Each structure stands twice: as C-alpha cells, then as structure tokens.
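This report concerns a single protein chain and the local features that can be read from its model. The sequence and structure are shown first.

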Amino acid sequence: MSKREKSSGRDEVTIGDQTFERSKGGETHQTATGDVPTLTTAQGVPVSDDQNTLKVGPRGPALLEDFHFREKIFHFDHERIPERVVHARGYGAHGYFELTDSLSDVTTADVLQRPGERVPAFVRLSTVAGGRGSSDLPRDIRGFAVKLYTKAGNWDIVGNNAPVFFIQDAIKFPDFVHSIKEEPDRGFPQAQSAHDNLWDFVSLSPESMHAIMWAMSDRAIPRSLRFMEGFGVHTFRFINKDGNSTYVKFHWKPKAGMQSVVWNEALKINGADPDFHRRDMWDAINSGDFPEWELGVQLFDDEFADSFDFDILDATKLIPEELVPVRRVGRLVLNRVVDNFFAETEQVAFCTQNVVPGVDFTNDPLLQGRNFSYLDTQLKRLGGPNFTHIPVNAPKCPFHTFQQDGHAAMHNPKGRANYEPNSWGPEAGGARENPSRGYRSYAAQESGETRRERAELFADHYSQVRQFYISQTQTEQVHIQQAYTFELSKVETPAIRSRVVSHLLNIDKGLAEAVAKGIGLETLPEAAPPARPVIDNLPPSPALSILKNGPTTFAGRKIGILVTDGTDAGLLKAVCDAAKAEGTNVELVGPQVGGVKLSDGSTVPLGQKINGGPSVLYDAVVLLPSAAGAKLLGHEATARDFINDAYAHAKFIGVGPEADPLIARAGLQPSDRDQGFVAIAAQGDGDGFIKACRAVRFWERESKVHAV
Ligand code: HDE
C-alpha cells in the first residue's frame, strides 16, 4: 500500500493494483473522473460525498436537510416486495421460440403458423414450496413458466415439470399450499414436504396420490433445470380459422435429455451450493451452451376424450404419449441471462389467462380457478394494476388500450380519447375493436344444474399412479420407495404414516410393503377404500421414466478433477481434451485455489478448494493426485468425503496412477472397485472415461450402498 496527499485534503492510496481516495475518517472510495459517471440522486442531482451524512461538525448531530441521505435510505427501506405465495424461488432467462412445424390446420395462433419464424421468450423455472431465499434442490415439483411475446400478444404457458397436479379443484389450492409450506405455529420446516401437515392433507385427499408419486420420484430432484421436462398440465383448446376446436396438451422436451440427482446428493448440494440450479443456468447460458427444449403437442378430439379411461378435464391425469403421440413443433432456446434479477425475474408476471387468438381454455376446474388467481396475486405483489408496463411484462407487439392512471402509469392513452365509442375520428379517436383479428372465445355449448360437485371419472385416484410406478426402471422404483420412506420417517404421527401406506396398497403392493418395512410398520393397514375400482391393467408408458429417456452423450455435464502439486500433466490434459471434445465441462479441485504445480512444471489455477468443491457438485469425478498429493489429501476429511460420496452416488470415478492410497484412506476396499471405476493411466484413457460416463451413473452399485 502507498500513500500520497491530494490538494483536496484527501489522501490517495494504492491497495493492490487499485488506487482509492481516503478521507480523514479513513474510508476509501473512488471519485468520478474521465469515463466514470458522476453519482446522482434519483432526481439527477450530482452527489459530492456518498460516505458521510451531513452533520454539524464531525461528531454531529446529523441534519434533516440531508436530502441525499433521506432519499437513499427511504428507497432502501422499500426494496422488498411480497414474494410469490408459491413458486417464490425461481430463475429466469430470455430466449426465443422458433416454430419448426406449422399448426395452421388446427389453430390460428399467429406464432404457430410459419416455420422458421422466431418470437422472443422469457422463461422462469422455480420450486413451489420454499421461500425466495430457500435452496435449489428440495424434493419439489418445479414450475416451468414460459412467456411468448407473439405478434398477436403475450401467450403464457404456466406449467410444471410434472404433467399432473395435486388437486382437482382450485378451491382446494389454499389448503394444499398451507399444508406443504412451513407449519404455522413453528415456522418450519422450510421448503420441505417431509412433515406431518403435508402428509396429513394428502393422505386425506386421495386425488393428490398421482402428483405425490411424481414428487417422490426422481423428477422432483432434477440435476439441472436444463435437464427436465415441462408440461402445460391442463387440456387447452386450439381453435382454427373455421372456429373448430382441437384439444391440446403442451410438453417441453429438453434437448440435453433428462437427468436427476439422488436424494442424499440433493441434501448435500443444498449445503454446498444452495444456488446450484441457478448457477448452472447462468454458467450454461454465459458459456454459449444454450438450454433448449422442443415444444410438443398432444392433439386429440372429442371422440378420443369420450373413449379415454379418464376425464380430460382432470388435472390429476395425464394422457400417455404412447396413446396420443407428442408432435414436436418448435424449439425454445434460452440465450440471454437477465440484466437485473429483480427487474426481470422477480417482476415477471405470468398468468394462465394470457392466451392469444387461436388458443382457448377448457372447463378444467383447476384452470378456471387459476385464471382468476394469477391476475389477482400480481396486484398485491407488484403493487398496482400497471405491472404490464414493466418491460419484461409488456407485449412486444403494438398495443392500444383505454386503460389509464393507477400507480406508476407509464402508458396512458395519448390525446383526448380515453373511452370508446367516441366520434373524434381516426386520428384523435384512438384504437377500435377488430372483429376479424380480435380474440374470439370458442362457442362452447354449456348446460347443467348449478352444483358443487366433480365429474364421475375424477374419482379414479389410483389407476394412473400404478401405471406411472410400473413404467419406471427398477432403480427408479427403489428411489421412489426410499423417498416415501424418508418423508414418512420425518412424519411424527404414526396414524398419518399408516394412512399413506393404506393408499399405496391400491397402487402397488410391493411398493406399499417396501415403505411399510422402511418405516417399521409391523402390520400392513387395510387398503383405503377406492371410490372407483382401480384399473390394474394399464400398460407401462416408457415415456414416464427418466432413465429410459436419459442423455446419449455427456455433453453439458461437469467433471470434478482432483489435482495436487505434481499431478501428471499429460493425463490431466488427456481427460480435459476428451471432455472438451464431448462438450463436457471440467473443474479442477485441490488443496488451494491459487493453483497447483503439475509434473511438467506448469501451474494451473483451481476452480475450487477441496472443502468448497465436494463431489456432489459434479456428474463424475477423476482422481489425479501425485503420490505426495494423495498422502496429503489422505489426511483431509473433505477429500475422503469427495471419494466416498462419488461412490455412494453411483458416479463414474476416473482413477489416476497414484490415487489408490487415497481411495483406501476413504475406506473403500479393493472389492468395492466395480466397473464404475475407470483407470486413467495412459493418453487414450480420457476418451474411455468419457465414453463410460455417457451412462451418467453406474446404477448397479446402488444396491451395495443402502442397507436400510
Ligand atoms: Fe400456480 N400460482 N396455481 N400452478 N403457478 C402461482 O401466481 C394457482 C398451478 C405455477 O414463475 C401464483 O404469480 C392456483 C398448477 C407456476 O412466476 C398464484 C392454482 C400449475 C407459477 C398461483 C395453481 C401451476 C405459479 C403465485 C390451483 C402447473 C410460477 C405467484 C388452481 C400447471 C410462475 C404468481 C412464475 C404461480 C395460483 C395451480 C404453475 C398464486 C390458484 C396446476 C409455474 O397466482
């Protein structure tokens, strides 16, 4: 540090490679010079000193006339807005939607007419239960909200990463959400479904059994937001130019394939990097590896609806892809991170009623309720009716309304006309309705008595849950058994645990028995009496399994390479080159972040110090310590955890020539060395390792690492 006195009476000090001014009080700062703009108040008045309040003498008192201080604190005091009541934690990004296959035969939606045409998009992916500051990897359904800025207005598809929901009627939503959120007397657990209130509610609401099974499956712990599917959930309608309706269900299929983590890994990721998913999105987009999904549609008509075993208006049911294929018609690409998280991701307002001409609703009672809720909630959250003026919410096509005033109005109508009809002529009179381009609702025929009840087929609560379960690989079924067991082990009331098992008996006896054993239930309860007979011969639907639809490459995944001073430079290069060729990212982990000196004398900086880079952050690991490095890390608990966790989470482990003593120190026996361990001893071994990794995990190992 060096010091020089300036004519202003302030010192100039250099700390490291930067120069600051230092006032008498010792506070360091920089002042505007050259290209550096001058700080101002919100009114644009230049600020001379942003370090000290205005005082009478150096020891005060402070003066009320310090408008800069008061404005700054006033604004800070009001920085927070109410978080979303659900889906509070989310991550948004910009991109585009490109049509690849015209749907002009079934819809007039402008965005679905001309292949090759792109419209801007904004996407927000979220968890449901946790607050804004919760972690990214609780066991939870993920929100998948897409805003398409089409030439005919904004179209929001506000979906989830599961095609079914927990309830059938919107009137139950507050109850369901209250039950999953933290319990009101104690204020915990946060972002967890593993507690009495949730399981009490769902075990008394058999309609939730299907969505609960999805939540207990690996779908609820995605490895990356880029690796999950999205679903519009409800049946919507497309309307064509003749006014005919076709039913449609929306799907988003991840280009990178599906992938999830295992539960113990999720628990540890939440501690190691609570922002794991948002960091992954940020890194992927900024490195040019743009997340991408295909838009798929399932199209069907009344004839199919009438022949289907379930009601197409019931949001707790899906339509198997094997029955109605998913036609892929477009691609959604996220290629730009936000400029400001609050302005865009926090203030974006999705709404199921934001549809465009050519798209319409059905009578799904959940959808009808949602159409009320979203607009209503934004008023509270965004403080007034003008949130559509916020750039992320404003349409990108021309728009003209006679709406005016209210908080923060930015787009009041110009001129004299703020009503219509008016007789002020084409120039002054403003916009007019347009019967040919304007939105027209489908002319549905409706009749019936006014009642509070549900349609008959809604009462089948188990058949499709069974179908989902038998569609999973054995590995996935075991994960589901373990998830129910984990959650119910956190439930304190034995009657609730047993009630859940009574429902599982209607789904799959093996599942019910495994869970009963897992929670130590001595006798199986009676099966819950089903309201409708369970259809037990629905065929498996392979599309419902993650492992049957996983990636075919290791692209977009991340390898953690453990290095030390003396690491073999050639082998490190071999692994890095093979990873690069596959499109796989690597991060070096070792004793100190400043860098290690390799065998060839070169120094490489590290991405993580070992205690900040546990193996749960990576899809596979490589152990490349030198002999001395292996000895050193053998005394480091976090290095031993690195290996042990990679082993327990069924990851592929690349083993360098000097890694054996370290693996032994981690407690693994030679007999534990399965085919998931891949030797890295020669140049070509990098390629062999990456090839093995394409299977993503060595699942065969899992049965060896779980005794209870
Ligand atoms: Fe939502 N939901 N929801 N929901 N939902 C909200 O709107 C609601 C439902 C979904 O990233 C809220 O802006 C009701 C199903 C997503 O900003 C609120 C019902 C599905 C997001 C609301 C449902 C969703 C929300 C809270 C039962 C999947 C986050 C803040 C009828 C198809 C959007 C907000 C974002 C957010 C109400 C059920 C998806 C309160 C009443 C089913 C992805 O309006």
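The model is predicted.

**Salt bridges**

The count of salt bridges comes to 43. Three of them are set out in the table.

| Acidic residue | Basic residue | N to O distance |
| Glu79 | Arg80 | 4.0 Å |
| Glu98 | Arg331 | 3.2 Å |
| Glu346 | Arg132 | 2.7 Å |

The side chains of Glu98 and Arg331 meet in a salt bridge. This pair joins distant parts of the chain, since Glu98 belongs to strand E5 and Arg331 to strand E13 (residues 327–337), 233 residues apart. Glu98 has a relative accessible area of 14% and is therefore buried, the cut-off being under 20%. Arg331, at 22%, is partly exposed. Both residues also take part in a network of salt bridges that links Glu98, Arg118, Lys255, Glu292 and Arg331.

A salt bridge also connects Glu346 with Arg132. Here, too, distant parts of the chain are linked: Glu346 is in helix H8 (residues 341–346), and Arg132 is in the loop between strand E6 (118–127) and strand E7 (142–150), 214 residues apart. Glu346 is buried at 2% relative accessible area, whereas Arg132 is partly exposed at 22%.

In the pair formed by Arg80 and Glu79, Arg80 is exposed, with 65% relative accessibility, and Glu79 is partly exposed, with 35%.

Asp301, Asp302, Glu303 and Asp306 form a negative surface patch. Asp301 is located in the loop between strand E12 (292–300) and helix H7 (302–307), and its relative accessible area of 39% makes it partly exposed.

Leu54, Val56 and Leu63 make a nonpolar surface patch of about 220 Å². Of these residues, Leu54 is found in the loop between strand E4 (28–29) and helix H1 (67–77). Leu54 is partly exposed, at 37% relative accessibility.

Pro82 lies in the loop between H1 and strand E5 (90–99) and is partly exposed at 40% relative accessibility. The C-alpha atoms of Pro82 and Gly383 are 9.2 Å apart, although 301 residues separate the two in sequence. Leaving aside residues up to four places away in sequence, Pro82 touches Lys380 and Arg381.

**A covered helix**

Helix H11 (residues 463–470) is mostly covered, with 6 of its 8 residues buried. The buried residues are Ser463, Gln464, Val465, Gln467, Phe468 and Tyr469. Their cover includes helix H4 (209–216), helix H12 (474–490) and helix H14 (509–518).

**Backbone geometry**

Most residues other than glycine have a negative phi, and most peptide bonds are trans. The following sites depart from that pattern.

Phe188 and Pro189 are joined by a cis peptide bond with an omega of about 0 degrees. Pro189 occupies the loop between helix H2 (173–180) and helix H3 (196–203). Ala191, which lies in the loop between H2 and H3 as well, has a positive phi of about 55 degrees and is buried at 7% relative accessibility.

A cis peptide bond also joins Glu420 to Pro421, with an omega of about 10 degrees. Pro421 is in the loop between helix H9 (365–382) and helix H10 (425–428).

Ala650 has a positive phi of about 60 degrees. Ala650 is placed in the loop between helix H17 (637–648) and strand E21 (653–655), and is buried, with a relative accessible area of 0%.

Note on methods
Residues are numbered from 1 along each chain as its sequence is written. This is a predicted model: local features need pLDDT of at least 70, side-chain atom pairs count only at pLDDT 80 or more; totals for chains, interfaces and linings use all residues. Side-chain values use heavy atoms; hydrogens and water are left out. Patches are made of residues with over 30% relative accessible area and no salt bridge: like charges are joined within 9 Å, nonpolar side chains (Val, Leu, Ile, Met, Phe, Trp, Tyr) within 5 Å. Accessible areas come from the Shrake-Rupley method with a 1.4 Å probe; for residues, only the protein chains shown count as cover. Lys and Arg count as positive and Asp and Glu as negative; His and the chain ends are not counted. The place of a charge is taken as NZ of Lys, CZ of Arg, CG of Asp or CD of Glu. Helices (H or I, at least four residues) and strands (E, at least two) are DSSP runs, numbered from the N terminus. Buried means under 20% relative accessible area, exposed over 50%, partly exposed in between (1.4 Å probe, protein chains only). Contact means heavy atoms within 4.5 Å.
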